[in-house]
Amino acid sequence: MNRVFFKFLLSFLVALAVGTLSGDAFLHLIPHSLSFAHHHHHENPGMNFSEGHQAHQEQEENLDPVWKGLTALSGVYIMFLIEHFLTLAKMYKDKKQKVRLCSFCVWFLKSGI
């Protein structure tokens, strides 16, 4: 196997593993660590309006850590995008400066100074 291809494949697989484990941590493990173990069991099977409202609030409270984990993951992704766009802008600026420099060199050579 070609050495360059092997290095590329290895870096891709490491990046895939790190991304998978980070995503799993943010979306599953961190929300579970933030949630509190408060399970309420009702003794009577009949549920009135106030108990139904309380059950709805408990469901919203259970999703709160998931939203926190998703927000943290979104923050990491936004920082990645900012870094990527800054790199693209720098590459564009360097390329534009190189073209400007080359056009000056062509003008200088044509003028015969």
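Here is a short tour of this predicted model, stop by stop.

Residues are numbered from 1 along each chain as its sequence is written, and side-chain values use heavy atoms, without hydrogens or water. Local features need pLDDT of at least 70 and side-chain atom pairs pLDDT 80 or more, while totals for chains, interfaces and linings use all residues.

Of its 113 residues, 5% count as buried (under 20% relative accessible area; exposed is over 50%, partly exposed in between, with a 1.4 Å probe and protein chains only). The chain exposes about 10,400 Å², 70% of it supplied by carbon and sulfur atoms (Shrake-Rupley method, 1.4 Å probe; for residues, only the protein chains shown count as cover).

Next, select Leu16 in helix α1, residues 3-34. Leu16 counts as partly exposed because its relative accessibility is 47%.

Now move to helix α2, residues 49-111, and pick Asp94 and Lys90, which sit four residues apart, about one turn of the helix. Their side chains meet in a salt bridge at 3.0 Å, N to O (a side-chain nitrogen of Lys or Arg within 4 Å of a carboxyl oxygen of Asp or Glu). Asp94 is partly exposed at 37% relative accessibility, and Lys90 is exposed at 53%.

Finally, select residues 70-89, where an unreviewed UniProt entry places a "transmembrane region" (numbered as here, name shortened; annotations may be inferred rather than shown by experiment). This span is 100% helix and 0% strand, with its end C-alpha atoms 28 Å apart.

Terms used
Helices (H or I, at least four residues) and strands (E, at least two) are DSSP runs, numbered from the N terminus.
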